[in-house]
Amino acid sequence: MIQYIIRRMLGLVPVFFGITLISFFVIHLAPGKPTDIQTSLNPKVSYEARLRLEKLYGLDKPIHIQYINWLNRFITFDFGRSYVDDRLVWKKIRERIPITLLINISSLILILGIGIPLGVISAVKRKSIMDRLTTIFVFIGFSIPEFWLSLLLMSLFGISLGILPISGIKSLDFEYFSLLGKIFDITKHLILPVSIAAFGSLAGISRYMRSSMIGIIRQDFIRTARAKGLKEAEVIYKHALKNALLPVITILGLSIPGLIGGSVIFESIFAIPGMGRLFYESVMARDYPTIMGILSIGAMLTLVGNLLADIAYSYADPRISLPAGQAGVTKET
Amino acid sequence: MKDLIKNKIAFASFVFIIVIIIFAIFAPFIAMYDPTAIDDQSLLTPPSKYHIFGTDTLGRDIFSRIVYGSRISLSIGFIAVGIAVLIGIFFGSIAGYYDGRIDSVIMRFVDIMLCFPTFFLILAVVAILEPSIFNIMVVIGATSWMGVARLVRAEVLSLKERDYVAASRVMGASDGWIILKHLIPNAIGPVLVSTTLGIGGAILVESALSFLGIGVQPPTPSWGNILMDGKSTLGVAWWLTVFPGIFILLTVLAYNLLGEGLRDILEPRLKND
């Protein structure tokens with residue numbers, strides 16, 4: 001098992017470098033330089049001053065040298081300084097990560113906690129009212145623009161009913177609350193963003209859960225389990241569920257980039273000071289070091305998520321973690 | 001086509017899509033006002049018989065803006081997905097046909113692209129390159145081809161073992177001929193489904209970008225940037241938020257349902273209800 005994890009981790013290294021390479025080139029090959037904002041708007045800046053500024057940021061060197069320099073510094077988690085406020089990029093990102101992680105992990109828990117049972121129920125009770133309702137819900141979940149849903153719920157719960165706050169993560173008088181009060185306050189602020197962030201992926205997961213479960217229920221070993229007189233609940237939850245979860249774990253791993261990407265939208269709408277909002281601000285200001293920093297951290301989070309999904313997968317299906325050939329099945333690539 | 005009519009939900013979606021396309025093509029005849037005409041006599045008026053969906057903060061008619069916006073939103077959806085499909089077929093057929101090293105390099109690249117928080121990349125590229133409609137189409141297309149590539153590769157992998165491909169090779173056909181004439185046309189079925197689903201997805205991405213102010217730039221209306229105007233008047237003018245959102249929802253829903261219907265028709269084996 002440990003061997004398998006190490007092998008998977010080594011496999012992720014080239015993927016990570018691939019992601020940073022593509023991001024770096026795409027961002028830096030764009031016409032115009034970030035120094036344009038500081039210089040072209042200011043007529044007093046001379047051509048020489050402009051060159052000096054470019055030199056300071058290393059923008060005068062060829063792009064592949066810039067990338068190698070970036071990598072060298074990256075190894076020590078040095079993303080350079082922000083062009084906007086000259087603060088260390090890593091510090092800027094670090095203070096934003098916890099809130100983004102909190103929102104994404106809470107919505108993952110919601111997605112699993114609701115999506116899997118929903119999928120199982122609609123697979124077991126096919127064509128029931130519950131199944132039909134779930135199907136409708138799934139298609140709406142796939143199709144609804146989440147930012148629009150946010151606006152509607154904000155105006156319903158925040159403005160019309162006035163029971164949920166609609167921006168930020170804490171109240172103005174947060175400092176005076178007791179510990180319990182603080183937790184309650186943050187929870188209240190996060191209810192809307194977390195549930196909306198979960199909504200879209202929830203639909204996807206329950207759909208996959210349903211079709212995977214339907215596929216499993218038809219198989220011979222389930223018939224055998226029933227034939228030997230096991231209770232229906234035991235057949236479903238012990239034999240079928242474990243096997244049906246496998247493809248869902250993979251899908252979950254693949255949905256992480258979407259969740260992280262989605263945080264830009266939620267954090268902008270709900271004015272949450274997380275990584276997504278920082279990314280939006282940095283993109284607007286052409287703050288290359290911060291953009292690269294967040295893209296790399298985002299990629300890392302995604303890869304860690306995928307790794308966890310792989311580990312969960314091999315835990316559920318021990319054949320996976322054996323070296324190819326030894327298990328009698330060849331590992332799918 | 002006959003199967004499509006039998007599948008009521010898919011057919012209704014198909015009809016809805018046609019109606020929206022007609023909206024887009026004949027926008028000048030359907031919209032009652034110029035979508036960018038400012039009217040200071042009727043700022044933020046609720047829906048009435050003159051403005052059926054009301055007006056915005058500049059007195060522009062929401063219905064006309066939605067009708068004209070469908071041109072932008074739909075063309076971004078179509079062209080972005082067209083680009084994605086072309087890239088996907090190209091990489092997928094090459095990876096499937098020449099297995100071995102070429103295949104593993106391409107599939108590694110697909111893995112890398114799948115691990116990207118794509119929306120971050122789209123946002124960065126569009127904002128840095130300047131948000132034009134053309135850039136949005138290209139960037140959405142260039143970041144959403146991986147699914148198609150995987151599908152085509154899987155199809156090609158099994159198709160290339162067929163007898164007719166061997167026969168064609170024996171008769172001296174080149175690799176390019178076999179891929180273009182025999183493999184791609186036969187691998188296109190599943191691609192059609194993911195194309196349909198992809199158009200819905202691209203419309204959603206465009207609307208999110210425009211909503212953040214990085215997509216289609218005002219005064220050109222797109223479904224996303226009409227909603228952006230709605231954000232500032234939330235609680236005052238519900239019609240600014242509700243109507244464009246419903247159009248996005250219904251259109252994307254129609255593409256998803258049509259895609260699902262096509263899947264049932266093209267691959268009856270996989271039908272799961």
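# Close-up views of a predicted two-chain model

**View 1. Asp86(A) sits exposed in a loop.** Asp86(A) has 7 C-beta neighbours inside 10 Å, so it counts as exposed. The model shown here and in every view is predicted. The loop that holds Asp86(A) runs between α4 (63-74) and α5 of chain A. Phi of Asp86(A) is positive, near 65°, and the residue is not a glycine. Most residues other than glycine have a negative phi.

**View 2. Lys127(A) lies in the loop between α5 and α6 (129-143) of chain A.** Is Lys127(A) buried or exposed? It is exposed, because 10 other C-beta atoms lie within 10 Å and the limit for exposed is 12 or fewer. Lys127(A) is not a glycine, yet its phi is positive, about 65°.

**View 3. Helices α5(A) and α10(A) pack against each other.** α5 covers residues 89-124 of chain A, and α10 covers residues 232-269. Their axes are 10 Å apart, at an angle of about 145°. The crossing of α5(A) and α10(A) is right-handed. Which residues of α5(A) meet α10(A)? They are Thr100(A), Ile103(A), Asn104(A), Ser107(A), Val120(A) and Val124(A). From α10(A) come Ile236(A), Leu241(A), Leu259(A), Ile260(A) and Ser263(A). By class, this contact has 7 nonpolar residues, 4 polar ones and no charged ones.

**View 4. Helix α9(A) lies largely in the open.** The helix has 8 residues, 220-227 of chain A. The number buried is 0, so α9(A) is largely in the open. Gly229(A) follows α9(A), with a positive phi near 90°.

**View 5. Pro165(A) occupies the loop between α7 (146-160) and α8 (179-217) of chain A.** Pro165(A) counts as partly exposed, because it has 19 C-beta neighbours inside 10 Å and a buried residue needs 20 or more. Its contacts include Gly158(A), Ser171(A), Lys188(A) and His189(A). That list leaves out residues up to four places away in sequence. Leu190(A) is 25 residues from Pro165(A) along the chain. The C-alpha atoms of Pro165(A) and Leu190(A) are separated by 8.8 Å.

**View 6. Chain B is built with 12 helices and 0 strands.** Along the sequence, chain B reads α-α-α-α-α-α-α-α-α-α-α-α. Its C-alpha atoms fill a box of roughly 75 × 45 × 30 Å along the principal axes. Chain B has 273 residues, and 50% of them are buried. Take the contacts in chain B between residues at least 6 apart in sequence: 69% join residues at least 24 apart.

**View 7. Helix α8(B) is largely enclosed by the rest of the structure.** How many residues of α8(B) are buried? The count is 11 of 14, so the helix is largely enclosed. The buried residues include Met146(B), Gly147(B), Val148(B) and Leu159(B). Arg150(B), Arg153(B) and Glu155(B) are also among them. The cover over these buried residues includes α4 (62-97), α5 (101-114), α9 (163-170) and α10 (175-211) of chain B. The 14 residues of α8(B), 146-159, should span 20 Å at 1.5 Å a residue. The end C-alpha atoms are 20 Å apart, which agrees.

**View 8. Ala154(B) is found in helix α8 of chain B.** Ala154(B) has 15 C-beta neighbours inside 10 Å, so it counts as partly exposed. Tyr97(B) is 57 residues from Ala154(B) in sequence. In space, the two are 9.9 Å apart, C-alpha to C-alpha.

**View 9. The largest nonpolar core has 151 residues.** Which residues touch the most other members? They are Ile66(B), Ile122(B), Leu123(B), Ala124(B), Val126(B) and Val148(B). α10(B) gives the most to this core, with 16 residues. Val126(B) touches Pro131(B), Asn135(B), Ile136(B), Val139(B), Leu209(B) and Ile214(B), leaving aside residues up to four places away in sequence.

**View 10. Chain B meets chain A.** Here 37 residues of chain B are in contact with 44 residues of chain A. On the side of chain B that touches chain A, α5, α6 (118-129), α10, α11 (223-232) and α12 (238-266) of chain B each supply at least two residues. α6(B) gives the most to this side, with 10 residues. By class, the side of chain B that touches chain A has 25 nonpolar, 9 polar and 3 charged residues.

Methods:
Residues numbered from 1 in each chain as written. Chains lettered and ligands numbered in written order. Predicted model: local features only at pLDDT ≥ 70, side-chain atom pairs only at ≥ 80, totals over all residues. Helix = DSSP H or I, 4+ residues; strand = E, 2+ residues; numbered from the N terminus. Expected span 1.5 Å × (residues − 1). Contact = placed C-beta atoms within 7 Å. Nonpolar A, V, L, I, M, F, W, Y, C, P; charged D, E, K, R; others polar. Axes fitted to C-alpha atoms, helices over the stretch in contact; angles between N-to-C directions. Left-handed = near helix turned anticlockwise from the far one by under 90°. Core = buried A, V, L, I, M, F, W, Y, C linked by C-beta atoms within 7 Å.
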